[in-house]
Amino acid sequence: MKITYFGHSCFMVDLTNCTILFDPFITPNELAKSVDIETIKPDYILVSHAHEDHIADLLTIAKQSNAKVVAVWEIYVWLTKQGIENTHPVNTGGFVKFPDFSIQVIHADHSSSFPDGTYGGNPVGFVISTKKKSFYYSGDTALFRDMKLIPKRHKIDFAFLPIGSNFTMDAEDASIAAGWLGIHKVIGMHYDTFGLIKINHDDSVQIFKSKGIDLKLMEIGSIQTL
Ligand code: NI
Ligand code: MN
């Protein structure tokens, strides 16, 4: 899998046959000025929740790519009102099979409202499974004990976890989550974008390293293969 980082919690995962974009928030991100969003044309967009820092560029990229947008019911209804028709509504716990991958929608311990304050449904994360590998994209969340249930249904290879604290888990809690998931590789997200979530990179990497887990803090615009 080829992973491209567009800053904050926005990643594109290339599964060879198709691409999945998570939580598009690029143009308002001062750290992501080098990213040209016109070139981003995924096949699928998965949305974890309706907060501005996860959907700012959703409509633009959905329109230019005609990607299938997968989101909880309330976000799906909102998308329909905005004229986005290639959608797939889900809710917590659900499994969906797409041609090249399948997903399970996982609870997240957070909140979800649109930028205008209207209700955005439950915040969620996703487990993405292909024939070769599976990964967990948690979305914004606190550490929650039901993460322990995820390996009962899925063999996870790596996870995207928030580490910025203040609005989500910090690195210490994310390292506990990684232990529960039984993984040794974590890609950090939701850090440094705003003052409230600035972190010390070396300290965060060290917290994971002391537990035998590799924390990857990707450069914006960089690509890595897992
Ligand atoms: Ni949020
Ligand atoms: Mn957020």
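Me: What should I know about the model and its numbering?
Reply: The model is predicted, so local features need pLDDT of at least 70 and side-chain atom pairs count only at pLDDT 80 or more, while totals for chains, interfaces and linings use all residues. Residues are numbered from 1 along each chain as its sequence is written, chains are lettered from A and ligands numbered from 1 in the order in which they are written, and side-chain values use heavy atoms, with hydrogens and water left out.

Me: Which residues are the protein donors of the nickel ion (ligand 1)?
Reply: They are His49 (NE2), His51 (ND1), His110 (NE2) and Asp140 (OD), lying 2.2 to 2.3 Å from the nickel ion. Donors are N, O and S atoms within 2.8 Å of the metal (3.2 Å for Na, K and Ca); water is not among the atoms, so sites may look incomplete.

Me: Why is the site of the nickel ion called irregular?
Reply: The angles among its 4 donor atoms run from 88 to 177°. Four donors count as tetrahedral if all angles lie between 85 and 135 degrees; four count as square planar and six as octahedral if opposite donors are over 155 degrees apart and all others between 65 and 115; anything else is irregular.

Me: How are the donor residues spaced in sequence?
Reply: The spacing is H-x1-H-x58-H-x29-D. His49 lies in the loop between β4 (44-46) and α1 (52-55) and His110 in the loop between β8 (102-107) and β9 (124-129), so this pair ties together parts 61 residues apart in sequence. Helices (H or I, at least four residues) and strands (E, at least two) are DSSP runs, numbered from the N terminus.

Me: Is His49 buried or exposed?
Reply: His49 is buried, at 1% relative accessibility, whereas His110 is partly exposed at 24%. Buried means under 20% relative accessible area, exposed over 50%, partly exposed in between (1.4 Å probe, protein chains only).

Me: Which residue coordinates both the nickel ion and the manganese ion (ligand 2)?
Reply: Asp140 does, and the two ions are 3.0 Å apart.

Me: New topic: how many salt bridges are there?
Reply: There are 2. A salt bridge is a side-chain nitrogen of Lys or Arg within 4 Å of a carboxyl oxygen of Asp or Glu.

Me: Which residues form them?
Reply: Lys211 pairs with Glu172, closest N and O atoms 3.7 Å apart. Lys211 is in the loop between α6 (201-209) and β13 (214-216), and Glu172 is in helix α5 (residues 171-181), 39 residues apart. Lys185 pairs with Asp214 at 2.4 Å between the closest N and O atoms.
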